[in-house]
2 protein chains.
Amino acid sequence: MSKPVIAIDMGGTRIKTGIIQDGTILYSASIDAHSGKGLRHRLPFIQETVKNMLHQLGLSTADIAGLGIASPGIVDSVQKKILSIDKKFGDAPDINLNEWCSKTFDLPFTLENDARSALLGEWKYGNAKNYENIVLMTLGTGIGSAAIMEGQLLKGKHFTAGILGGHSVINYTGDSCNCGNKGCVETEASTWNLPAMARTQKNFTESKLSASPVIDYELVFRLADEGDTTALHLRDQSLQAWSAGAINLIHSYDPEVLVLTGGIMASSSQIIPYIKQYIDTHAWTPWGKVHIEEGAFPGTAALLGIAHLVNH
Amino acid sequence: MSKPVIAIDMGGTRIKTGIIQDGTILYSASIDAHSGKGLRHRLPFIQETVKNMLHQLGLSTADIAGLGIASPGIVDSVQKKILSIDKKFGDAPDINLNEWCSKTFDLPFTLENDARSALLGEWKYGNAKNYENIVLMTLGTGIGSAAIMEGQLLKGKHFTAGILGGHSVINYTGDSCNCGNKGCVETEASTWNLPAMARTQKNFTESKLSASPVIDYELVFRLADEGDTTALHLRDQSLQAWSAGAINLIHSYDPEVLVLTGGIMASSSQIIPYIKQYIDTHAWTPWGKVHIEEGAFPGTAALLGIAHLVNH
């Protein structure tokens with residue numbers, strides 16, 4: 001049995017924390033991310049949350065093997081630095097997290113991209129367990145991805161391989177993305193851009209969407225079910241965009257299985273059949289069909305994966 | 001010094017053959033592909049061409065180390081089978097090329113995808129020599145690609161990794177591709193689809209393109225230079241499409257260098273600066289800029305690469 005570890009998943013909306021031992025979450029807690037305001041001012045709250053979890057379990061840092069952070073953006077897991085992080089947590093590349101971890105907890109530090117961490121979680125403990133060639137795609141605030149080829153987590157020379165599936169161009173005459181690119185999967189269909197996408201629809205003002213203070217995919221899927229034309233159009237466009245993004249990942253990494261996870265997968269019953277059908281019809285896979293799996297741990301895969309990395 | 005080898009590059013327009021020793025082409029010859037009629041009826045002509053080359057060099061098959069074929073499509077390099085080949089050489093998956101090679105020449109046989117072969121040629125002898133993380137993109141009848149990551153030629157579980165860059169979706173609401181997918185780089189900008197792309201342009205009948213029996217990129221680039229509106233539009237759309245395809249390859253494989261090659265690169269002076277600028281502006285590469293190189297062997301990289309594979 002390994003020592004328990006402290007795992008932190010820096011989501012754009014919530015920062016999740018957990019004490020994890022051999023794939024089991026002993027305790028977990030989360031705090032608001034307020035990611036627009038940066039990471040530095042959240043560190044004291046993270047510290048507080050972690051100390052409280054340890055206290056609840058009757059543990060001290062001496063009982064803990066290490067601390068791992070799963071972060072969005074491009075992450076140098078060797079130097080343990082966040083290299084580039086879109087607009088979320090914009091100050092993170094300037095923070096020495098390794099030093100923070102050492103000074104605050106006196107523990108070894110591990111850092112990895114959040115989608116790579118989620119893929120490790122699904123690979124070690126979840127629905128990608130029996131495969132060695134895997135692509136994971138997260139549908140949420142942004143669109144994330146990661147890949148394992150022949151049992152190796154793909155990182156690349158500059159740590160960007162596998163994780164930029166949300167920034168695959170699927171509409172080369174499309175709008176600008178936060179990342180500086182144009183027509184990315186994220187720009188075409190993700191929660192951060194959904195309100196803007198909705199407002200540019202014809203008939204938006206006649207749609208029930210226009211009456212809602214918050215426009216998210218849960219609402220879009222619900223109103224589409226009720227026959228709201230604008231919601232139907234947004235749903236269909238988004239399903240097509242995610243499918244195209246999934247095809248690009250499959251064509252890039254030649255996986256046996258595609259794991260779909262992330263917040264939007266709360267509506268998985270409307271998403272999985274569409275993407276499966278699209279991939280079965282359009283992907284160039286003469287060897288057979290790519291398996292499509294829903295993530296086993298929609299909320300905690302990244303925590304489980306980064307915890308695994310701390311121990312290995 | 002290695003023994004010379006027989007190298008064959010099954011292009012959709014021309015089948016190229018060569019006798020190659022340690023990266024030097026001792027003799028080469030090519031025949032019409034007539035690829036629409038299949039491969040089987042071309043095998044006797046290939047045999048004849050090879051025998052003639054050997055004769056010209058005063059060599060017999062006893063002097064030769066082996067025979068290698070670089071083929072378009074998806075290729076199982078272990079079982080030495082062509083698995084899927086789009087519409088070109090449609091009968092190729094049913095031909096036992098290993099047996100043909102053995103019966104005809106009594107030589108060991110090597111088979112690999114043509115873009116992977118071209119990348120090996122550029123890596124071992126050409127403009128990708130000093131890199132270990134490379135993406136190659138061929139612009140021609142179709143759009144091909146291949147990738148080397150950390151010094152390893154990428155193949156994937158089912159031999160499709162790296163080579164489907166031309167079938168990356170860059171316009172998910174776009175037209176159907178030969179491959180069964182929609183809005184591929186190839187569909188948006190390649191020689192096979194260029195006549196169809198031209199004919200759907202407004203003002204096509206007023207363009208000089210409409211007077212030409214053959215519409216290829218050489219003509220499009222020339223007429224664009226002369227200010228022909230339709231040609232200008234086609235050129236700009238194609239440059240954008242190739243750039244988007246290049247970004248998808250860069251985002252997928254995290255290379256240090258992108259090598260551009262293929263027939264369309266005859267107009268490289270109009271292509272390279274555009275793609276370089278686009279990538280510099282739009283690719284998410286916080287570590288720096290991807291080098292852009294023109295292939296050193298636009299006509300023979302695949303021959304050189306497959307010859308290298310025969311010896312290794």
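Here are some friendly notes on the predicted two-chain model above.

1. **Ground rules.** This is a predicted model, where local features need pLDDT of at least 70, side-chain atom pairs count only at pLDDT 80 or more, and totals for chains, interfaces and linings use all residues. Residues are numbered from 1 along each chain as its sequence is written, chains are lettered from A and ligands numbered from 1 in the order in which they are written, and side-chain values use heavy atoms, with hydrogens and water left out.

2. **How the two chains relate.**

3. **A histidine to look at.** B:His282 belongs to helix H8 (residues 268-282) of chain B (helices are DSSP runs of H or I, at least four residues, and strands are runs of E, at least two, numbered from the N terminus). With 14% relative accessibility, B:His282 counts as buried (under 20% relative accessible area; exposed is over 50% and partly exposed in between, with a 1.4 Å probe and protein chains only). Leaving out residues up to four places away in sequence, B:His282 touches A:Gly180, A:Asn181, A:Lys182 and B:Ile247.

4. **The core.** In the largest nonpolar core there are 96 residues, and A:Met137, A:Trp242, A:Leu258, B:Met137, B:Trp242 and B:Leu258 have the most contacts inside it (such a core is a set of buried Ala, Val, Leu, Ile, Met, Phe, Trp, Tyr and Cys residues joined through side-chain atoms within 4.5 Å). Beyond its neighbours within four places in sequence, B:Leu258 has contacts that include B:Val135, B:Met137, B:Ile275 and B:Ile292.

5. **A helix pair.** In chain A, helix H3 (residues 114-125) packs against helix H9 (residues 301-311) at an angle of about 85°, with the axes 6 Å apart. H3(A) is therefore roughly perpendicular to H9(A) (the class for angles of 65 to 115 degrees).

6. A:Asp22 is not a glycine, yet has a positive phi of about 45°; for B:Asp22, phi is near 50°. A:Asp22 sits in the loop between strand S2 (14-21) and strand S3 (24-32) of chain A. A:Asp22 is partly exposed at 36% relative accessible area, and B:Asp22 is partly exposed at 35%.

How values were computed
Contact = heavy atoms within 4.5 Å. Axes fitted to C-alpha atoms, helices over the stretch in contact; angles between N-to-C directions. Parallel < 35°, antiparallel > 145°, perpendicular 65-115°, else oblique. Least-squares fit on C-alpha atoms with pLDDT ≥ 70 in both.
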